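Please study the sequence and the structure shown below. The paragraphs that follow lead through selected parts of the structure.

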Amino acid sequence: MTLYPEAGRCAALRTDLDAAGYRADAVRALWGGMVDTAVGHGLVEPARRVLTGRSDALAVLAGLLFLGGPASRAAVDAALPSLGATGLAELGLAHLEGDLVIPDALVRPQDIADAAGEGHWWIASDLDEAAVGGPLPTGHVLGVGGASLTLAGLQLTSRVERVLDIGTGCGIQALRARRAGDRVVATDVSERALAFTRLNALLNDVDGIETRAGSLFEPVAGEQFERVVSNPPFVITPRVEGVPAYEYRDGGMSGDDLVAAFVRGVGPVLAPGGVGQLLGNWEYRAGEDGLDRVRSWVSESPVALDAWVVEREQLDPLAYAELWVRDGGTAPGSPAYAPLVQAWLDDFAARGVFAVGFGYITLHRPTVIPTLARYERIAGSIPGALGPHIGESLGAWQRLSSMTDADLDAAVLRVAPDVTEARHHVPGAEDPQVIELRQGAGFGRVLDVDPALAALVGASDGDLPVGVLVAAIADLLDVDAVALRADLLPRVRELLFTGFLRFAD
């Protein structure tokens, strides 16, 4: 891989990829939905069979740059008329062996859609397991995967000046951050990863991304950013001989210490009012809840922080070990598989780990005293980017944190447009046994509510203030208005944070 790719060659490659119609939807249409799913599962032979005998530019590029298979030099020259096979090799994306072009990297199209609009990128990364045909090299630079898409979708969308991307990898987070940030600093311990980040910025004609080498916050000592994002190498890896340490997923620390180091250290890097977002794992140890571990890390920050931590799933040690052994390209049944899994199990046993949590951590540096400490488990979400929802929730919380109950009484609210209500009746009964409020966006929360709260939500149409509605509901239900207000207002605050209700203004 060329560490400092030449801008002119990147521009020529962009021109050729665009002229060939090398887009995600075109590639899917090229080999069909079932084959596309197979490729996503690492099974490339069905796609290669579809491409057999085809010489059009899209097919040649899909075989070479999407699947990582060789192509004839003549076919590549025809598919890349501006860059040519020689230019592709000079970028470090392939090498020439006689009349064959052998890819050394993948360049895959990626659709994007966020608050800035819809578009697409081409993302270069190292050859994947299917193209390599075995275990990955430890210096592997990962392409766009599920975790990277998750964090890209979590990123806040409000405009800021400076963003820091820690552990940038191929640069997908830096590209996404640049859509909402005027300048982005992208860091990584891997020079190869930084080279891919530079190439991908040039390939997609994105300026304003600066790359720096180093671990965690070392490359930006003394600087502050309005936003920090990171998909760090958080995978828990045994520190024993024979277990490979992959740069893209392994930060070189024991257990969940890397995520702990990020949480403890990000505060001083955040400008006042700044937000840090990352993905991570945390261990559940005997007598210690995983979310409580994260809570303790936040408390150890030298700068007081608001925290919102969402755990999406838990895996037991065996499932976790098998996941990451397979991820490195070691297949079940191969000689190395069982010893690697056992190494993980021994490592977890040594620390008394009985589960590993995975989720999202959002940290905010308040300008006053922190008031948000939310640690929750949410299994689902509605397909789509969560960034706008998280941004709205944080904005609602900041507004609510300065509102007294009297202020909330005077507020005028609207029910969010994605919210629906479901009522469940016992056959023949007049009154519902269960009333549910359901979100059609964000985390897709489902709440059981009582008639009073359901009535307040239903009446929140941007007309009357909360206090007037509570008084009317108390009169309708023939209950004490003071007691009902004390019961409803904390729950109204929760509904505003979670996005069921919004301020009408």
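Thr 498 has a relative accessible area of 2%, and because buried means under 20%, Thr 498 counts as buried. In this predicted model, Thr 498 is part of helix H20. Which residues are in contact with Thr 498, leaving aside its neighbours within four places in sequence? They are Arg 374, His 389, Gln 439 and Arg 445. Leu 194, by contrast, is 304 residues from Thr 498 in sequence, and the C-alpha atoms of the two are 37 Å apart in space.

Two packed helices are described by the angle between their axes and the distance between the axes. For H19 and H20, the axes come within 9 Å and cross at roughly 125°. These two helices are therefore oblique to each other, and their crossing is right-handed. On the side of H19, the residues that take part are Val 466, Val 470, Ile 473 and Ala 474, and they meet Ala 481, Leu 484, Arg 485, Leu 488 and Leu 489 of H20.

H18 covers residues 451–459 and H19 covers residues 466–477. Their axes are 10 Å apart, and the angle between them is about 135°. H18 and H19 are therefore oblique to each other, and the crossing of this pair is right-handed. H18 contributes Ala 452, Ala 455, Leu 456 and Ala 459 to the contact, while H19 contributes Val 466, Leu 469, Val 470, Ile 473 and Leu 477. How many of the residues in the contact of H18 with H19 are nonpolar, polar and charged? Nine are nonpolar, none is polar and none is charged.

Between H19 and helix H20 (481–498) runs a loop, and Asp 478 has its place there. Asp 478 has a positive phi, near 60°, in a residue other than glycine. Is Asp 478 buried or exposed? Its relative accessibility is 70%, and because exposed means over 50%, Asp 478 counts as exposed. A further positive phi, of about 55°, belongs to Asp 205, which is not a glycine. Asp 205 is found in the loop between helix H11 (191–203) and strand E8 (209–213). With a relative accessibility of 59%, Asp 205 counts as exposed.

What does Val 228 touch, not counting residues up to four places away in sequence? The residues are Leu 164, Ile 166, Phe 262, Val 266, Val 269, Leu 270, Val 275, Gly 276 and Gln 277.

Several loops remain to be considered. Pro 135 lies in the loop that joins helix H8 (129–132) and helix H9 (146–154). Its relative accessible area is 51%, and Pro 135 is exposed. Although Pro 135 and Asp 327 are 192 residues apart in sequence, their C-alpha atoms are 8.8 Å apart in space. Apart from neighbours within four places in sequence, Pro 135 is in contact with Tyr 246, Gly 328, Gly 329 and Thr 330.

Thr 330 is itself a loop residue, placed between helix H14 (317–327) and helix H15 (337–351). At 12% relative accessibility, Thr 330 counts as buried. Its contacts, again leaving aside neighbours within four places in sequence, are Pro 135, Val 325, Ala 336, Tyr 337 and Leu 340. Asp 409 is 79 residues from Thr 330 along the chain, and the C-alpha atoms of the two are separated by 60 Å.

Asp 56 has 29% relative accessibility and counts as partly exposed. Asp 56 and Ala 75 are 19 residues apart along the chain, with 8.4 Å between their C-alpha atoms.

Note on methods:
Residues are numbered from 1 along each chain as its sequence is written. This is a predicted model: local features need pLDDT of at least 70, side-chain atom pairs count only at pLDDT 80 or more; totals for chains, interfaces and linings use all residues. Side-chain values use heavy atoms; hydrogens and water are left out. Contact means heavy atoms within 4.5 Å. Axes are lines fitted to C-alpha atoms, for helices over the stretch in contact, and angles run from 0 to 180 degrees between N-to-C directions. Helices (H or I, at least four residues) and strands (E, at least two) are DSSP runs, numbered from the N terminus. Angles under 35 degrees count as roughly parallel, over 145 as roughly antiparallel, 65 to 115 as roughly perpendicular and the rest as oblique. A crossing is left-handed if the near helix is turned anticlockwise from the far one by less than a right angle, and right-handed if clockwise. Ala, Val, Leu, Ile, Met, Phe, Trp, Tyr, Cys and Pro count as nonpolar, Asp, Glu, Lys and Arg as charged, and the others, Gly among them, as polar. Buried means under 20% relative accessible area, exposed over 50%, partly exposed in between (1.4 Å probe, protein chains only).
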